[in-house]
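Subject: Structure handover

Hello,

Here is the structure for your files.

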Amino acid sequence: MGAPVWIFAYGSLMWNPALAIEEMQRARLKGWQRSFCIRLISGRAIPDIPGRMLSLDEGGITEGMAFRLPESTLIHELEMVWTREMITGLYRPVWAEISLGNGHLVAWPVSWE
């Protein structure tokens, strides 16, 4: 048995995780802040008037939710979140530490443009 895997949610994943969740807690990420830093030219946007999408940028603190994934379906859940959040290539994952609502610290992958 390895260390538990936590996913930090700060936007749409927080409201609609669509994942099997073993445990969830409020969480805080220091050193990263929400920012509309992704430029979109699809959907209702056009190159001359781009849309913006929320992501994380360096600096500040982000409040969100942390989801601990079940070990029994871990690979499946990671594939699901990767397909949902990472398939477009907009984000670059890195590991960071989050503070859970219960005071524990855990590492999780951060994604940003």
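This is a predicted model: local features need pLDDT of at least 70, side-chain atom pairs count only at pLDDT 80 or more; totals for chains, interfaces and linings use all residues.

Residues are numbered from 1 along each chain as its sequence is written, and side-chain values use heavy atoms, with hydrogens and water left out.

Overall fold. The protein has two helices and five strands, where helices (H or I, at least four residues) and strands (E, at least two) are DSSP runs numbered from the N terminus. From the N terminus on, the order is β-α-β-β-α-β-β. The radius of gyration (over C-alpha atoms) is 15 Å, close to the 13 Å that the globule rule (2.2 Å times the number of residues to the power 0.38) gives for 113 residues, so the protein is as compact as a globular protein of that length. Its C-alpha trace spans about 50 × 30 × 20 Å along the principal axes.

Of the 113 residues, 35% are buried, meaning under 20% relative accessible area with a 1.4 Å probe, protein chains only. Contact means heavy atoms within 4.5 Å. Among contacts between residues at least 6 apart in sequence, 66% join residues at least 24 apart.

Strand β1. W6 and F8 point one way from β1, while I7 and A9 point the other way, and all are buried. In a regular strand the side chains alternate between the two faces of the sheet. β1 pairs with β3 (residues 51–68) in the antiparallel sense over four bridges; pairing requires at least two bridges found by DSSP. A9 stands opposite M65 in β3.

G11 lies between β1 and α1 and is buried, with a relative accessible area of 14%. G11 and G64 are 53 residues apart in sequence, yet their C-alpha atoms are 7.8 Å apart in space.

Helix α2. L74, E77 and V81 are buried in α2. They cover an arc of only 70° around the axis (taken from the directions from the helix axis to the C-beta atoms), which puts them on the same side of α2. The cover over the buried residues of α2 includes β1 (6–9) and α1 (12–15).

Regards

Note on methods: Buried means under 20% relative accessible area, exposed over 50%, partly exposed in between (1.4 Å probe, protein chains only).
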